[in-house]
Amino acid sequence: DIKGFAFDLDGVIADTAKFHSQAWHNIADQIKVTWTPTLAASLKGVSRMDSLELILESVNRQADFSLAEKQALAEQKNNEYQLLIAKLTPNDILPGIQAFLDELRQHDYRLVLASASKNAPGILENLKVTEYFAAIVDPGLLKAGKPDPEIFEKAAQALHLPTNHVAGIEDSAAGIQSINAAGELSIGIGDLPEAQIQFDTTNEVSLAGIRAQLD
Ligand code: G6P
Ligand code: MG
């Protein structure tokens with residue numbers, strides 16, 4: 001049975017996926033890459049540098065930029081992103097998530113953050129939910145990002161639980177693949193057919209909703 005929950009952040013706890021998109025969209029416009037919904041969706045859950053590579057790959061232009069130029073673009077994106085997240089408050093917690101965090105705490109589940117974002121600790125602080133988490137996986141120490149299972153494996157280790165006692169909750173296809181590959185129970189928010197448990201929006205997530213789909 002499940003004893004711990006590993007949470008993604010952007011698009012699950014916080015309404016920040018739109019800010020990542022906004023900042024990347026501006027970079028895409030600047031380097032004249034056409035921004036499409038498919039491209040935007042493919043970046044969800046993917047690290048900063050890997051996101052830039054996917055943007056360039058979408059028009060076969062990876063080779064047009066030096067490493068230094070790529071680093072400058074990624075830094076520019078992050079500077080804009082940080083201006084957007086500086087204003088976050090508890091009001092930006094996605095609907096239903098505060099109640100779900102409270103429900104999990106009440107029932108003594110252990111929580112860990114499994115976000116690829118280096119900005120995650122600051123966002124948790126702004127949302128005032130840091131205290132719910134026993135651990136935060138450091139994405140700077142990962143050898144491979146989502147969809148590789150490493151981040152969700154490390155999340156289980158941080159809770160001292162075998163992966164089959166952990167549920168992972170994600171809004172991205174890459175993240176669901178990572179959870180499944182780690183051998184955890186996958187909970188998807190949105191249209192994610194690979195998720196074992198599915199909810200349309202964060203508002204529907206609850207222990208009862210999860211149990212109902214397990215039976
Ligand atoms: C999350 C988001 C991605 C983002 C990544 C890195 O996984 O879903 O869109 O690219 O974090 O975030 P960072 O804040 O480190 O650039
Ligand atoms: Mg996400």
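**Entry 1. Terms, then the ligand**

I first wrote down that Ala, Val, Leu, Ile, Met, Phe, Trp, Tyr, Cys and Pro count as nonpolar, that Asp, Glu, Lys and Arg count as charged, and that the others, Gly among them, count as polar. I also noted that the model is predicted.

Then I looked up what surrounds ligand 1. I found 16 residues around ligand 1, and the closest are Arg-48, Ala-116, Ser-117, Lys-118 and Asn-119. Two elements give two or more residues to this shell: helix H1 (17-30) and helix H3 (48-57). I sorted the shell by the classes above and got four nonpolar, eight polar and four charged residues.

**Entry 2. The whole chain**

I listed nine helices and six strands in the chain. The radius of gyration came out at 17 Å, close to the 17 Å that the globule rule gives for 215 residues, so the chain is as compact as a globular protein of that length. Along the principal axes, the C-alpha atoms fill a box of roughly 50 × 35 × 30 Å. I noted that 41% of the 215 residues are buried.

**Entry 3. The sheet**

In what order do the six strands lie in the sheet? I read the order as E3-E2-E1-E4-E5-E6, in an open sheet with parallel pairing. The edge strands are strand E3 (135-136) and strand E6 (197-199), and each of these pairs on one side only.

Strand E1 (residues 4-7) pairs with E4 in the parallel sense over four bridges. One bridge I looked up there joins Phe-7 to Ile-169 in E4. E4 and E5 also pair in the parallel sense, over four bridges, and I found Ser-186 in E5 as the bridge partner of Gly-168. Strand E5 (residues 185-189) runs parallel to E6 and is joined to it by three bridges. In that pair, Ile-189 stands opposite Phe-199 of E6.

I also traced the chain from E4 to E5. With helix H8 (residues 173-182), these two strands make a right-handed β-α-β unit.

**Entry 4. Strand E4**

Is strand E4 buried or exposed? Five of the five residues of strand E4 (residues 166-170) are buried, so the strand is largely enclosed by the rest of the structure.

I then checked the two faces separately. In a regular strand the side chains alternate between the two faces of the sheet. In E4, Val-166, Gly-168 and Glu-170 lie on one side, and Ala-167 and Ile-169 lie on the other. These residues are all buried, and both faces of E4 are covered.

**Entry 5. Asp-8 and the record**

The UniProt annotation "active site", from an unreviewed entry, covers Asp-8 and Asp-10. I looked up Asp-8 and found it in the loop between E1 and H1. I wanted to know why Asp-8 counts as buried. A residue needs 20 or more other C-beta atoms within 10 Å of its own to be buried. Asp-8 has 32 C-beta neighbours inside 10 Å, so it counts as buried.

**Entry 6. The coiled-coil label**

UniProt, again in an unreviewed entry, places the feature "coiled-coil region" at residues 56-87. I checked that stretch in the model: over residues 56-87 the chain is 66% helix and 0% strand. The end C-alpha atoms of the stretch are 30 Å apart.

Lys-32 counts as exposed because it has 8 C-beta neighbours inside 10 Å.

Asn-60 is not a glycine either, and has a positive phi of about 55°. I placed Asn-60 in the loop between H3 and helix H4 (67-85). Asn-60 has 8 C-beta neighbours inside 10 Å, so it counts as exposed.

I noted a cis peptide bond from Lys-146 to Pro-147, with omega near 15°. Pro-147 lies in the loop between E3 and helix H7 (150-158).

**Entry 7. A contact across the sequence**

I looked up Gln-98, in helix H5 (residues 97-106). Gln-98 counts as partly exposed because it has 16 C-beta neighbours inside 10 Å. Gln-98 and Asn-203 are 105 residues apart in sequence. From C-alpha to C-alpha, Gln-98 and Asn-203 are 9.9 Å apart in space.

Definitions and conventions:
Residues are numbered from 1 along each chain as its sequence is written. Chains are lettered from A and ligands numbered from 1 in the order in which they are written. This is a predicted model: local features need pLDDT of at least 70, side-chain atom pairs count only at pLDDT 80 or more; totals for chains, interfaces and linings use all residues. Two strands pair if DSSP finds at least two bridges between them. A residue is near a molecule or strand if its C-beta atom, placed from the backbone, lies within 6 Å of it. A residue is buried if 20 or more other C-beta atoms lie within 10 Å of its own, exposed if 12 or fewer, and partly exposed in between; C-beta atoms are placed from the backbone. A crossover is right-handed if, with the strands pointing away from the viewer, the path from the first strand over the helix to the second runs clockwise. UniProt positions are given in the numbering used here, feature names are shortened, and annotations may be inferred rather than shown by experiment. The radius of gyration is taken over C-alpha atoms; the globule rule is 2.2 Å times the number of residues to the power 0.38.
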